[in-house]
Amino acid sequence: MTTTPTTATSRRTLLKAGAAGTAAALLGTGRRAAAQDKTVLTWWDYMGDPATSANAAAAVNQIKRYMEANPQVEIQRTYVPFADLKTKLLQGAAAGQLPDMVIIDNPDHQAFAALGVLEDLTEKVAAWGQAGNYFEGPWNSTLWQGKNYGIPDNSNCLVLWRNLGLSGPAGVEAPADWEELKAAAAKLTSGDQMGLAVSAVKSEEGTFQWLPFLWETGADIPTIDSDGGKAAMQLWVDLVNNGNMSKGILGWTQGDVLAQFQNGKAAMMVNGPWQIPVLKEQSPDLKWEVSTLPKDKQGASILGGENYAVIKGKNLDAAWDFLVWAQEPEHLKTYLLEAGKLPSRKDLAQDPAWTDDPVLKVFVEQLLVAKPRAYGPKYPEISSAIQEAIQASISGQAPVADALAKAQATITPLLPQ
Amino acid sequence: MSDRESARGGWGSTVVGTLFVLLFLFPVFWMLSTSLKTQPDIFATPPRLIPSPPTFAAYRAAVLDNPIVLHSVVSSLVIGVGTTLLTLLLAVPAAYALARLHLKGAGLVMLMLLLSQLLPSIVVAGPLFVIFSRLHLVNSYPALILADTAAIVPFAVIVLRPFFLGVPRELESAAMVDGATMFGAFARIVLPLARTGLITVGALAFLLAWGEFVFALTLNVNENVQPITVALNKMIGQYGTRWAELMAVSTTIAIPIILVFAGLQRFIVGGLTSGATKE
Amino acid sequence: MDVPTLPTTTPAATTSRWSPAARRRAGHYLFLLPAVLYILATMVYPVVDNIRLSVHDVTVMSLLSGDAPYVGLENYRKLFADPAFRNAAGLSVLFTAGSLAFQFTIGFALALFFNRPFPGNGLLRALMLLAWLLPTVVSASLFRWMLDGDFGVLNFALLRLGLIDHARYWLLEPQTALWGTVLANVWIGVPFNMVLLLAGLQGIPPTLYEAASVDGANGAQRFRSLTLPLMRPVALSVLLLGLIYTFKVFDVIFIMTGGGPVDATTVLPIYTYQLSFQFFRFGDGAAAATVQLVALLLVAVLYLWASRREEIA
């Protein structure tokens, strides 16, 4: 009697095994032997539970397709929540309990490379010869001290979404700049329906949502305590204080922002392309439109996305084989479209699946001005200081100027020299 | 005291008590009510006290059609039962010894128990993770059972000790005079007298293990071993405002607790004194 | 009369190892040994490890490579100089005192209430326990939902009753966030206090009350001269347990507010967690943990001293 291999897809079978499986697992030591002589590839990501997340379902389907094509390989996927992944990886590194490969948020890639837990892929990448097919922003996020520590999986960026059903005849056009955004948010606010929703939660998600506004003023993280930084923060504070945005944003993830939008509680939201499949599936009747983020001095968005990384000293060959397979344009395209994500590969970005789709082409256009978070291996701490400034300003704990001055003092020594 | 007597004494108390308990348990009602609502109902103002019509959609989406959550219920049961047995095995003799046996160093042991109670789980979890990885126990039920037991044993001893102090010494002395060995007296006389304490502590150990979160979060990443508290936390991390689904999972977690408690309630109600005087 | 009277001489000096006294004594220690060994292995090692970390400058890099430099008490010096630490310590005291005051008082009142027989007593008590038995992850998310600013039921009720004039974001405003977590923690803690105190009340032999009644003592007199003094040891235990559990509460706050907004609910355990697991400053985190242990140790010693006096008296 053995436990069933525990991929996401075979969990049902495991359940049926019932007590037998439980007893075996009790005795087991976490080192699960595959039924046949299969290569087992362990994999962590933060895409969520496939039952509720289109991203996770896409990842699971991709794994399934790979395993069908490569029956000698067994990929065991584990979902680790976004906020816990860094801790888990560090703990695992300390105890030698890491997976073979991991999908990580691209701004954290350098931090992990600097820790020395990731495999140097430079030689494999050179032999593969496809580095030139990737956009510079995502590709550079995998580099640390000139070495290559991963492959970009996908890109994404933030745009403005409008619920057309609410806008109706008295609705609003896509706001082009901040003034129009404020006017639209005010116009669309009535009763418990807020004009706009963003995520200001105390995690990378909050920083991710606010940075585009910072960049639009022409300021940047090293100059966060500037007129531009203050204007960007004041914009959110005013929207909350005017009642056009709920103070609840301080606790909302981007998934929560979507729920507000889906239920007509937020007429507009800032969100990313990974919500497209979720909206289509869960709210097929909702009418909505996307547009590029309203400009200030300039237009900007943020380059999000995940990278693959291989853990040092584990199962490089099997992991690399998967990466090469997954990055083949036809495999990648199926996966990205299912997940609602944008290609990091230039050759795919020209594909009509993105350029001709009325929704996706807005994202592709927005991606042109999307900035990566390339602030060195201390970025997680920098982001934490920004999160604190956002929380302090919006909760009213500190005036905008004080919050940003404090953030600046924390951030300056953390930036790469 | 007979039932008839108590019934005469306290219908007023029953009314007051019922009103208070209803108010006190409103959050539990609200959990149940929310779990039976649709997403638009959640966001309705004013909120509806009772969902109309109630729907099991949230249960279907978050629990029944979700193999990960279903399996985590099984994991929680395994961890809860394992922890209860191990805790009782360790804590019962220790509590008795500390209550009665006037051992040298008993004060030191009490101090150690209290000291280990002081440790925040967050502090213990890191080093435990390292030990368990060396023993190849990380990501397994034994790791979580051993860790949960470590956290619960001191508590169990501290709670049990007064129960043993409450056992009349005369009965014990009588048994010893009759020639029973120490173990014999302990097993035949003391344990039955402390029955209420054992059941209370056993039930508490199960429920604490059932609800344990920090160790489960830090000592395990294997979804096949993951208890339901971690499954809930993962949901919160993904969608912190899908209240219907969060409350459906929460209610699912509460159901075994209600069952365990309904089954064992009479032992707790009986109290310590009734157990001692019956013999 | 004490049953197994221990000889005053040392074990080795007494009699042959097969003497009944020695056998009994060995048996006595066998009762205690498994639990002691277990706790030594699973609890003492982490403490030692923690102290070791606290005098080293352990970062992510040096945790992995194992060559963290020894820095003596530098981590502690930095800690006491850190305003965030002082803020966390203050919040911990506030959180603990607030929670304890309410949960003990309400718990004691309820224990007295439920100590009198009335129809439905057992059922009502059992129902109340639900609040404590719910896993904290569940109660915390439940209170997070009820205290929600936009759709929370608390706002709705208070608005209806006219107690507030606009919706409050209880857990997102610095002035109220800590009290939101206290509310949840008190709700969780009241049944715990009630049950242990009630067990204490029921441990008071009814014959004592009967005797007092025969002597003509009224309810209030019986409470003052019998209940209160007899309840002292139990009350002390309950307060100590409550203090320890409340002081190290992590998950309730972590799930309700994550320590925010900003640092308005960053009590010491959350602060420690952030140092170690968010900023990966393991040395500083270990120092913060050690300070908490020492503080609680002082309380525990006080308790032991008090309870020993109690037992001797």
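These legends describe close-up views of a predicted model.

**View 1. Helix α14 of chain A and its buried side.** Helix α14 of chain A runs over residues 329-339, and its buried residues are A:Leu332, A:Leu336 and A:Ala339. These residues lie on the same side of α14(A), because they cover an arc of only 65° around the axis. An α-helix has 3.6 residues a turn, so residues three or four places apart point the same way. Just after α14(A) comes A:Gly340, with a positive phi of about 70°.

**View 2. Chain B as a whole.** Chain B contains 15 helices and zero strands. The chain has 279 residues, of which 58% count as buried. Taking the contacts in chain B between residues at least 6 apart in sequence, 76% join residues at least 24 apart.

View 3. The buried residues of α14(B) begin with a run from B:Ile228 through B:Thr229, B:Val230, B:Ala231 and B:Leu232. B:Asn233, B:Lys234, B:Met235 and B:Gln238 complete the list of buried residues in α14(B).

**View 4. Crossing of helices α6 and α9 of chain B.** Helix α6 (residues 67-100) and helix α9 (residues 141-165) of chain B cross at roughly 35°, and their axes come within 6 Å. The crossing of α6(B) and α9(B) is right-handed. In the contact of α6(B) with α9(B) there are 21 nonpolar, four polar and three charged residues.

**View 5. Crossing of helices α5 and α8 of chain C.** The axes of helix α5 (residues 121-133) and helix α8 (residues 177-203) of chain C are 7 Å apart, and the two helices pack at an angle of about 125°. That angle makes α5(C) oblique to α8(C). The crossing of α5(C) and α8(C) is left-handed. From α5(C), the residues in the contact are C:Met128, C:Leu129, C:Ala131 and C:Trp132. From α8(C), the residues that meet them are C:Trp187, C:Ile188, C:Val190, C:Pro191, C:Phe192, C:Met194 and C:Val195. By class, the contact of α5(C) with α8(C) has eleven nonpolar residues, no polar residues and no charged residues.

**View 6. Interface of chain B with chain C.** In this interface, 87 residues of chain B are in contact with 73 residues of chain C. On the side of chain B that touches chain C, helix α15 (residues 243-278) of chain B gives the most, with 13 residues. The side of chain B that touches chain C has 62 nonpolar, 23 polar and two charged residues.

**View 7. Interface of chain C with chain A.** Here 20 residues of chain C are in contact with 21 residues of chain A. Helices α2 (60-65) and α12 (268-278) of chain C each supply at least two residues of the side of chain C that touches chain A. The largest share of that side comes from α2(C), with four residues. By class, the side of chain C that touches chain A divides into 13 nonpolar, four polar and three charged residues.

Key. Residues numbered from 1 in each chain as written. Chains lettered and ligands numbered in written order. Predicted model: local features only at pLDDT ≥ 70, side-chain atom pairs only at ≥ 80, totals over all residues. Buried ≥ 20, exposed ≤ 12 C-beta atoms within 10 Å, placed from the backbone. Arc of directions from axis to C-beta. Contact = placed C-beta atoms within 7 Å. Nonpolar A, V, L, I, M, F, W, Y, C, P; charged D, E, K, R; others polar. Axes fitted to C-alpha atoms, helices over the stretch in contact; angles between N-to-C directions. Parallel < 35°, antiparallel > 145°, perpendicular 65-115°, else oblique. Left-handed = near helix turned anticlockwise from the far one by under 90°.
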